[in-house]
Amino acid sequence: MPLITLTPDGLYCEPGAFHIDPWRPVARAVITHAHSDHASLGHEHYLVSQAGEHVARQRLPGASIQTARYGETLDMNGVRVSLHPAGHVLGSAQVRVEHAGEVWVVSGDYKVQHDPTCDAFEPVRCDTFVTESTFGLPIYRWGEPRDLFAEVDAWWRANQAVKRASVVYAYALGKAQRLLMSIDATIGPIYTHGAVESLNDAYRASGLALPPTQRVAELPKGHDYSRALIVAPPSAQSSPWLRRFGDYADAFASGWMQIRGVRRRRAVDRGFTLSDHADWPGLLSAISATGAQHVYVTHGYTDPLVRWLREHGVDAQTLSTKFTGEEGSADTGTSADEAESGVRSQPYEPGSDPTAS
Ligand SMILES: [Zn+2]
Ligand SMILES: [Zn+2]
């Protein structure tokens with residue numbers, strides 16, 4: 001019997017009597033991070049990282065939440081459990097599970113790129129590694145974050161020069177705060193959609209020095225937005241909420257923006273390739289750093305990654321979970337379907353082999 005198995009409720013550690021990111025209500029849930037496909041409502045008890053406590057409480061109002069510091073070992077029914085930074089969003093954790101000399105790590109979502117809003121991904125040695133694969137195709141390769149944010153700044157300045165507001169769509173949990181912490185906030189005023197600002201509150205309560213922002217809803221009618229940057233969840237795109245900004249340019253910040261066809265279908269003025277998930281080289285380096293002999297690939301482009309790992313001597317297989325790719329959540333109006341629609345269907349130009357490296 002493997003230490004962790006896939007049940008109808010989600011990933012389950014039987015000897016420890018706990019689930020990891022279960023999608024149906026259970027007694028004890030260890031949560032990797034607060035995105036809705038990983039942190040669902042209705043469990044009796046939650047364990048989250050201490051760094052992610054404010055975010056988790058914001059997303060799971062009224063829940064019974066216990067926290068653990070990164071690296072702190074808990075005994076759960078004789079199973080040793082510890083949380084380690086995943087570098088995905090504030091508080092995101094990999095779950096290390098040790099029992100009878102065997103070590104598993106369930107990584108949740110992760111990235112290896114620098115992010116000023118969370119602790120860096122920590123490679124954890126293990127026998128079996130459970131990895132995501134949201135961007136598990138060799139075509140996905142992120143550039144330097146510094147260069148990307150310089151592009152955002154330049155776009156904002158150029159819009160200002162022609163008295164046009166700059167609206168950028170970013171996932172409300174994680175992406176929006178990473179953007180806010182990384183742009184040049186001296187360029188002009190920054191306004192937010194309520195879904196973004198409530199997460200900003202949780203980040204500030206966690207000690208992160210986000211630049212000053214103000215809710216659009218608090219501003220008077222007829223306010224001048226021509227110098228402003230407005231951060232909104234993707235669901236705000238094409239909504240009447242945008243009318244108040246007058247003349248505006250919009251942009252979408254997502255890993256999917258690397259693909260021309262997706263940019264076209266999103267119909268935004270500008271796409272910034274910014275992801276909180278590992279790109280292809282990031283996945284391979286993270287997996288290799290674990291030293292794991294067995295790898296389970298849970299979501300995204302699982303087949304290409306499984307094939308690559310097998311070709312390189314790793315015992316790899318797909319684990320069909322209910323986790324989705326880029327973060328989506330019902331409360332921000334950003335369903336996982338929205339994040340993925342028009343993306344998975346044709347992620348690369350026809351005729352090319354996406355798995356050829
Ligand atoms: Zn996910
Ligand atoms: Zn996530």
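**Group meeting: walking through the sheets and helices**

Okay, let's start with the open sheet: seven strands, in the order 7-8-9-10-11-18-19, and the pairing is mixed. The edges are strand 7, residues 73-76, and strand 19, residues 315-318; each has a single partner strand, so one side of each is left without a neighbour in the sheet. On average, neighbouring strands here are turned by 25° against each other, ignoring direction. And before I go on, please keep in mind that this is a predicted model.

If you want one to click on, Met 76 has Val 79 in strand 8 as its bridge partner.

Now, which helices pack on this sheet? Helix 6, residues 280-290, is one of them, and it touches strand 10 (102-106), strand 11 (128-133) and strand 18 (294-300). The direction of helix 6 makes about 170° with that of strand 11. Helix 7, residues 302-311, packs on the sheet as well, touching strand 11, strand 18 and strand 19. For helix 7 the angle is about 170° with the direction of strand 19.

In the loop between strand 7 and strand 8 you'll find Asn 77. Its phi is near 60°, which is a positive value in a residue other than glycine. Ala 100 isn't a glycine either, but it has a positive phi of about 50°. Ala 100 has 8 other C-beta atoms within 10 Å, so this one is exposed.

Next up, helix 3, residues 175-182. How many of its eight residues are buried? Seven of them are, so helix 3 is largely enclosed by the rest of the structure. The buried ones are Lys 175, Ala 176, Gln 177, Arg 178, Leu 179, Leu 180 and Ser 182. And what covers them? The list includes helix 2 (145-161) and helix 4 (194-205), plus strand 12 (165-169), strand 13 (190-192), strand 15 (229-232) and strand 16 (248-253).

Two of those covering strands pair up: strand 12 and strand 16 run parallel, joined by five bridges. Ala 165, for instance, has Tyr 248 in strand 16 as its bridge partner. Strand 16 also pairs with strand 17, residues 270-272, again in the parallel sense, over three bridges. There, Ala 251 stands opposite Arg 270 in strand 17. To get from strand 16 to strand 17, the chain passes through helix 5, residues 260-266, and that β-α-β crossover is right-handed.

Last stop, earlier in the chain. Strand 5, residues 45-49, and strand 6, residues 65-68, run parallel with four bridges joining them. Here Tyr 46 has Ile 65 in strand 6 as its bridge partner. Okay, over to you.

Technical notes
Residues numbered from 1 in each chain as written. Chains lettered and ligands numbered in written order. Predicted model: local features only at pLDDT ≥ 70, side-chain atom pairs only at ≥ 80, totals over all residues. Pairing = 2+ DSSP bridges. Helix = DSSP H or I, 4+ residues; strand = E, 2+ residues; numbered from the N terminus. Axes fitted to C-alpha atoms, helices over the stretch in contact; angles between N-to-C directions. Contact = placed C-beta atoms within 7 Å. Buried ≥ 20, exposed ≤ 12 C-beta atoms within 10 Å, placed from the backbone. Right-handed = clockwise from strand over helix to strand, strands pointing away.
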